[in-house]
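Me: I would like to learn how to read a few features of a protein model, one at a time. Could we begin with how helices cross?

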Amino acid sequence: MRHYPSKLLLFGEHILLLGARALAVPVPAFYGEWARRKPGEQPDAWAGRLQEFAGSEPLKAVAGLDVSRFQADLQAGLFFKSTIPAGYGLGSSGALCAAVYDRYAGRKMANLAELKVIFAGMESFFHGQSSGIDPLTSYLNRPLWIENRAEVRFFEPRLWFPAEPVIFLLDSRLPRRTGPLVQWFLEQSREQVFLQRLELELFPAHEAMLDAWQNSDAARFWPALARVSRFQLENMPPMIPDTVRAVWESCLGGSDVFLKICGAGGGGFVLGFAVSKAAVTEKFRTFSPVFPFEHNGNAEK
């Protein structure tokens, strides 16, 4: 049975909707797969939502998708078994969309840009608006580089020297919903003052950070990451969980650990980068940090 991995948007959260570059990577440590209920086993909490999804307009709009068979399979006990925590920025709905397309599409699209459009439409059922990146990353199980909203290609990194940044996750222990946060950001980006801050501060720092990551340039990466982290803390308050605000700010006083928004932000996981695992465990003793690539090798490789 195929696994559909979760995803991390390492760079590009929210601003990819404005055309900024982004990098998404699959995270096999969390995944979903199709399964069948055993006789007498009660449907899980997602069963009703899956039925709604199966009969939704976004699915009916996908050419060649066998919606009737999907609905019949659900009635017969099929369900999506997932270890991906919902609302944590790991693409739980994206993995589901990838699984539905993979199982029920009669003729699968190969073009990445067209696949992205299909997945954006499917995932709109869950979030109202979607870039399509989450399900695309899960479906292909490959790191993806995104430019100008629609241009997608596979990402091939270079080796880091002396050491690759350690990627980790902190559990904010707060729930969140993606849709309202995306809407807040889009509304703010139409305000002149906020848009100017994006153009003068965040976009240049973001571009420098991605250039450095693409070229495995640690000397340029850490200062650019610090600028992005500070901008998010100071200018995107709904995306910063209250439970991590103080420690987020404390990281900005150093040079070895930084936090940034994970997915839509606002709750769930917070994404972090550090010069070493020891630096993470020392600073975040009370958060039980998760190292999602520790046992699988870094997913962007």
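Reply: A crossing is left-handed if the near helix is turned anticlockwise from the far one by less than a right angle, and right-handed if clockwise. Keep in mind that this is a predicted model. Here, the crossing of helix 3 and helix 4 is right-handed.

Me: Which residues of helix 3 and helix 4 make the contact?

Reply: Helix 3 contributes Arg 69, Phe 70 and Asp 73, while helix 4 contributes Val 100, Arg 103 and Tyr 104. Sorted by class, the residues of this contact between helix 3 and helix 4 are three nonpolar, no polar and three charged.

Me: At what angle do helix 3 and helix 4 pack, and how far apart are their axes?

Reply: The angle between helix 3 (residues 67-75) and helix 4 (residues 92-104) is about 110°, and their axes are 10 Å apart. Helix 3 is therefore roughly perpendicular to helix 4, since angles of 65 to 115 degrees count as roughly perpendicular.

Me: What is the angle between helix 8 and helix 9?

Reply: Helix 8 (residues 192-214) packs against helix 9 (residues 218-235) at about 150°, and the two axes lie 8 Å apart. That angle makes helix 8 roughly antiparallel to helix 9, because angles over 145 degrees fall in that class. The crossing of helix 8 past helix 9 is left-handed. The contact of helix 8 with helix 9 holds 14 nonpolar, two polar and five charged residues.

Me: Now salt bridges. How many salt bridges does the count come to?

Reply: The general idea is that side chains of opposite charge can pair when their charged atoms come close. The cut-off is a side-chain nitrogen of Lys or Arg within 4 Å of a carboxyl oxygen of Asp or Glu. By this rule there are 14 salt bridges. One of them joins the side chains of Arg 2 and Asp 102, with an N to O distance of 3.1 Å. Arg 2 sits in the segment before strand 1 (4-11) and Asp 102 in helix 4, so this pair ties together parts that are 100 residues apart in sequence.

Me: Is Asp 102 buried or exposed?

Reply: Asp 102 counts as buried, at 18% relative accessibility, because the cut-off for buried is under 20%.

Me: Which residue forms a salt bridge with Lys 60?

Reply: Glu 57 does, and the closest N and O atoms of the two are 3.7 Å apart. Lys 60 and Glu 57 are three residues apart in helix 2 (residues 57-60), so about one helical turn separates them. Glu 57 is exposed, with a relative accessible area of 55%.

Me: What is the N to O distance for Glu 147 and Arg 153?

Reply: The side chains of Glu 147 and Arg 153 meet in a salt bridge at 3.9 Å, N to O. Glu 147 counts as partly exposed at 24% relative accessibility, and Arg 153 is partly exposed at 35%.

Me: Which residues are linked in a network of salt bridges?

Reply: Arg 21, Glu 207 and Asp 211 form such a network.

Me: Next, backbone angles. Which loop holds His 14?

Reply: His 14 lies in the loop between strand 1 and strand 2 (22-36). Its phi is near 70°, a positive value in a residue other than glycine. His 14 is buried, with 6% relative accessibility. Ser 216 also belongs under this heading, with phi near 50°, again positive in a residue other than glycine. Ser 216 is in the loop between helix 8 and helix 9, and at 10% relative accessibility it counts as buried.

Key. Residues numbered from 1 in each chain as written. Predicted model: local features only at pLDDT ≥ 70, side-chain atom pairs only at ≥ 80, totals over all residues. Heavy atoms only, no water. Axes fitted to C-alpha atoms, helices over the stretch in contact; angles between N-to-C directions. Helix = DSSP H or I, 4+ residues; strand = E, 2+ residues; numbered from the N terminus. Parallel < 35°, antiparallel > 145°, perpendicular 65-115°, else oblique. Contact = heavy atoms within 4.5 Å. Nonpolar A, V, L, I, M, F, W, Y, C, P; charged D, E, K, R; others polar. Buried < 20%, exposed > 50% of the residue type's maximum accessible area, 1.4 Å probe, protein only.
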